[in-house]
Amino acid sequence: MLVFVNDITAVLEPDRRLYATAQTLALGIDTSSLWCTKITLLHYLPVTHYPIEYRDPQLAQATAHMNTRSKPATVNPFELTNELGYQAWRERKLDRYLRTVNELPTPILNPFNISHLERDSLIRRCRDTNMAIYQLKTEMTGEDPTDKRFMRVLGTQLGLQRLDDNLCADNDSITSLQVMQGGRHEGYIPYSNKRLNWHTDGYYNEDDQCIRAFLIHCVRNASQGGENSLLDHEMAYLLMRDENPAWVEAFMRPDAMTIPANIENGVEIRPTKHGPVFSLDSVTGSLHMRYTARTRNIIWKQERDTQAAVAFMRELLSDTSPYIVTHRLQPGQGLICNNVLHSRSAFTDIDGPDQQRLLYRARYYDRIVGTGLNEVAQAHEEH
Ligand SMILES: [Fe+2]
């Protein structure tokens, strides 16, 4: 029987029953071959988020029947009960991560209108490692390198629209990261030349202001230091799950991590925030991580597995892991990522007016387009 659907995804129940769901691209699928062609690749997708929409009336009845059957409770590789899906995802992740993570920066000729090749290059890298480094051609940065208007446009072309307007951002919601004395920035490490410990951005934010991606662009670097170390948070998940899934489970609990309220001059400017370290996006199923390696102003749950998970992270991030990449952004270079784990080494500024290290940072509530869990699996299958 030939059935026309919007792109097929499929999941397996323990009894190996096949479910098909619909997405965006119309294509013809012979259901007799569906079992064979799709069974190996999509059994871990977050199927509950893709309603079944068969267009062929002949299958409407069958579809209704399938919809009423109980679907697998866990079909996401990041769900701890989905061992089969996790192993398939893990194999692909490891295969691609090391190959991609040390690739040279993607050159971008015009950030206001990136080419298909440039865009594909950035998105492919973000699919494999959740991050990509770009290099603007010098002619684009030559006239006024401090002009940051391109950042918003570049982000938009990668699906990043909803900017986070945090306390220290400039009027355009993009933050200038440089050494600042006094004022609101006083006491915040990002605005000093001290080492900035491992973290993901916005780990203290409320859930409706979850930072899913950020873009940092280097205008001027320091005379010494200021390197970023980066680790895809999916790799941190993978390494921890391989070591002990109970630690991952502990990090998925809603009370794993507590950030006390931020109080300035007796005024609460941010309430206490409880939350998990690892969580799954309710729409895309993608993995999100909230983390800080700081030891002050953070309360970890007093429970054995949570404490062990914290110790594991500390060890992982202090090690010379092959999965951690260190890069010193050069002027004209930038990092775009799905809020991966990152740190910054201490640095020394160049003397002289307008010579100090300057980076711009834009934080987004969106994830980079084409890097959702289902899109990654689909892309891998096509290549
Ligand atoms: Fe950061």
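A residue is called buried if 20 or more other C-beta atoms lie within 10 Å of its own, exposed if 12 or fewer, and partly exposed in between, with C-beta atoms placed from the backbone. Helices (H or I, at least four residues) and strands (E, at least two) are DSSP runs, numbered from the N terminus. The model shown here is predicted: local features need pLDDT of at least 70, side-chain atom pairs count only at pLDDT 80 or more, and totals for chains, interfaces and linings use all residues. Residue numbers start from 1 along each chain as its sequence is written.

**View 1. Strand S18, covered on both faces.** Let us begin with S18, which is mostly covered, as five of its five residues are buried. In a regular strand the side chains alternate between the two faces of the sheet. Here Gln333, Leu335 and Cys337 lie on one side and Gly334 and Ile336 on the other, and all are buried.

**View 2. The open sheet around S18.** Six strands make up an open sheet with mixed pairing, in the order S3-S4-S18-S7-S21-S5; two strands count as paired if DSSP finds at least two bridges between them. Which strands stand at the edges? They are S3 (106-108) and S5 (175-177), each with a single partner strand, so one side of each is left without a neighbour in the sheet. On average, neighbouring strands of this sheet are turned by 25 degrees against each other, direction ignored.

**View 3. The two partners of S18.** Strands of a sheet pair through backbone hydrogen bonds, either parallel or antiparallel. S4 (residues 131-136) runs antiparallel to S18 (residues 333-337), and five bridges join them. Look for Tyr134, which stands opposite Gly334 in S18. S7 also pairs with S18 in the antiparallel sense, over four bridges, and Phe214 has Cys337 as its bridge partner in S18.

**View 4. Strand S21 and its neighbours.** S21 is mostly covered too: seven of its seven residues are buried. Leu358, Tyr360, Ala362 and Tyr364 point one way from this strand, while Leu359, Arg361 and Arg363 point the other way. S5 pairs with S21 in the antiparallel sense over three bridges, and Thr175 stands opposite Arg361.

**View 5. Helices H7 and H9 packed together.** Two packed helices are described by the angle between their axes and the distance between the axes. H7 (residues 233-243) and H9 (residues 304-318) pack at an angle of about 125 degrees, with their axes 11 Å apart; axes are lines fitted to C-alpha atoms, for helices over the stretch in contact, and angles run from 0 to 180 degrees between N-to-C directions. Ala236, Leu239, Met240 and Glu243 of H7 meet Ala309, Phe312, Met313 and Leu316 of H9, where contact means C-beta atoms, placed from the backbone, within 7 Å.

View 6. Is H7 largely enclosed or largely open? Eight of its eleven residues are buried, so H7 is largely enclosed by the rest of the structure. Among the buried residues are His233, Tyr237 and Arg241.

Technical notes:
Two residues are in contact if their C-beta atoms, placed from the backbone, lie within 7 Å.
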